[in-house]
Amino acid sequence: MLPESAGKAGISRKEAKKGQARKTEGMDKAGVFAYLQAMAESMNTAELVEFDDPSVAQQLFGANNQTLELLAQASGARISSRGLKVLVSSPDPRIREGLCSVFLQLYELFRTGVSLTQEDVLRAWHMVESDPGVTLSEVYRDAVFVHTPQRTVTARNLAQKAYLESLRRNSLVFAVGPAGTGKTYLAVAMALSMYTQHQVKRIILTRPAVEAGEKLGFLPGDLAEKVNPYLRPLYDAINDMLPPARVSAMMEAGAIEVAPLAFMRGRTLNDAFIILDEAQNTTQEQMKMFLTRMGFGSRMVVTGDVTQIDLPVLPGMTETRSGLVQALRVLSNVRGIAVHTFSRGDVVRHPLVGAIVNAYEKAEDRR
């Protein structure tokens, strides 16, 4: 589709599209590329990027130009290629400049041997779209790595890189943001990494046993079986980084403990890496109790999303008494405590997750 500026040349968009179809009919790929380049440049809606290494350019373009198609779909621009040239067409100069920046930066990363997936490429576009001055090599080449027994976990954007660096530097870190930003997953990875390096002697994972809006009733089984459904997300993260046999052995030895928050009362946790997940669903009393469990040689990470509070509103009150919300306010000026905030632009799950989070935030803003 031609941009609105086609009308300024005395040709309607519909007529221009028909004319374009007639002129390109019968042309080979090179002819179509040249024609589109001339048409777009005449209306100042195109940028041409040229590369000098065929093998690197092939990596960048992807098999059958799949990467170019992915970026075109994500940006709304028209992207075509011929040989070592890429033509980016869009009436929006910010999109054109952003895509050119992505192509040039990713080309240099491929040239230096950095391996990138299509998901990485798509994430690169979203980072440049939100921050045109971002340096992608800081994310993909100078990434922060966390080595766990089963896999190496790396930061997938600048926010995750800063978060991992904060986990290394600070004894107590609050990680706040929407679902899919890696708050809990990266904390578990750092915990396992520090355990394998003998910096801590055990890992303790906990979360409040609060239902997400629905009533589950009385669950069958013994105490462990009753609380297990609430702790399943923490088990999932561990099992992704350790073989099942190793997980079982560490849990039997007490090196990994997964327990509901109520079990933390009265304990002092020394030489441990402690993660409190879903902290937005702690009460103010529970949060104070948890934070005061920290012992010598321990690290604590508190993760949560203040927009996903499932605590009931007590009679006579207008808002929930979330322990996370209060802690962020009360402890904001305490030295030695770090607060890392993720945004919806930092979501690294399926692209639809980011779109869903964005849509809900817009709906909340319209209220």
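Close-up 1. Phenylalanine 273 has arginine 299 of β10 as its bridge partner. The two strands here, β9 (residues 272-276) and β10, run parallel and share four bridges; strands count as paired if DSSP finds at least two bridges between them. Helices (H or I, at least four residues) and strands (E, at least two) are DSSP runs, numbered from the N terminus. We're looking at a predicted model, where local features need pLDDT of at least 70 and side-chain atom pairs count only at pLDDT 80 or more, while totals for chains, interfaces and linings use all residues. Residues are numbered from 1 along each chain as its sequence is written, and side-chain values use heavy atoms, with hydrogens and water left out. Strand β6 (residues 172-176) also pairs with β10 in the parallel sense, over five bridges, with valine 173 standing opposite valine 301.

**Close-up 2. The two faces of β10.** In a regular strand, side chains alternate between the two faces of the sheet. Strand β10 (residues 299-304) is mostly covered, with six of its six residues buried. Buried means under 20% relative accessible area, exposed over 50%, and partly exposed in between (1.4 Å probe, protein chains only). One side carries Arg299, Val301 and Thr303, the other Met300, Val302 and Gly304, and both faces are covered.

**Close-up 3. Strands β7 and β8.** Here β7 (residues 202-207) pairs with β8 in the parallel sense, over five bridges.

**Close-up 4. Phenylalanine 290 and helix α12.** Phenylalanine 290 sits in α12 (residues 284-291) and is buried, with a relative accessible area of 0%. Beyond its neighbours within four places in sequence, phenylalanine 290 is in contact with Thr206, Leu261, Met264, Ile274, Leu276, Met300 and Val302; contact means heavy atoms within 4.5 Å. Its C-alpha atom is 9.6 Å from that of glycine 266, 24 residues apart along the chain. The buried residues Met287, Met289, Phe290 and Leu291 also belong to α12. Buried residues of this helix pack against β6, β7, β9, β10 and α13 (323-330).

**Close-up 5. Helix α8 against helix α9.** The axes of α8 (residues 158-169) and α9 (residues 183-196) come within 11 Å and cross at roughly 40 degrees. That makes α8 oblique to α9, given that angles under 35 degrees count as roughly parallel, over 145 as roughly antiparallel, 65 to 115 as roughly perpendicular and the rest as oblique. Axes are lines fitted to C-alpha atoms, for helices over the stretch in contact, with angles from 0 to 180 degrees between N-to-C directions. On the α8 side the contact uses Gln160, Tyr163, Leu164, Leu167 and Arg168, and on the α9 side Lys183, Leu186, Ala187 and Met190. Sorted by type, the contact residues are six nonpolar, one polar and two charged. Nonpolar covers Ala, Val, Leu, Ile, Met, Phe, Trp, Tyr, Cys and Pro, charged covers Asp, Glu, Lys and Arg, and the others, Gly among them, are polar.

**Close-up 6. Helix α4 against helix α6.** Helices α4 (residues 66-75) and α6 (residues 118-130) pack at about 35 degrees, with their axes 10 Å apart. Gln66, Thr67, Leu70, Leu71, Ala74 and Ser75 of α4 meet Gln118, Val121, Leu122 and Trp125 of α6. This contact has six nonpolar, four polar and no charged residues.
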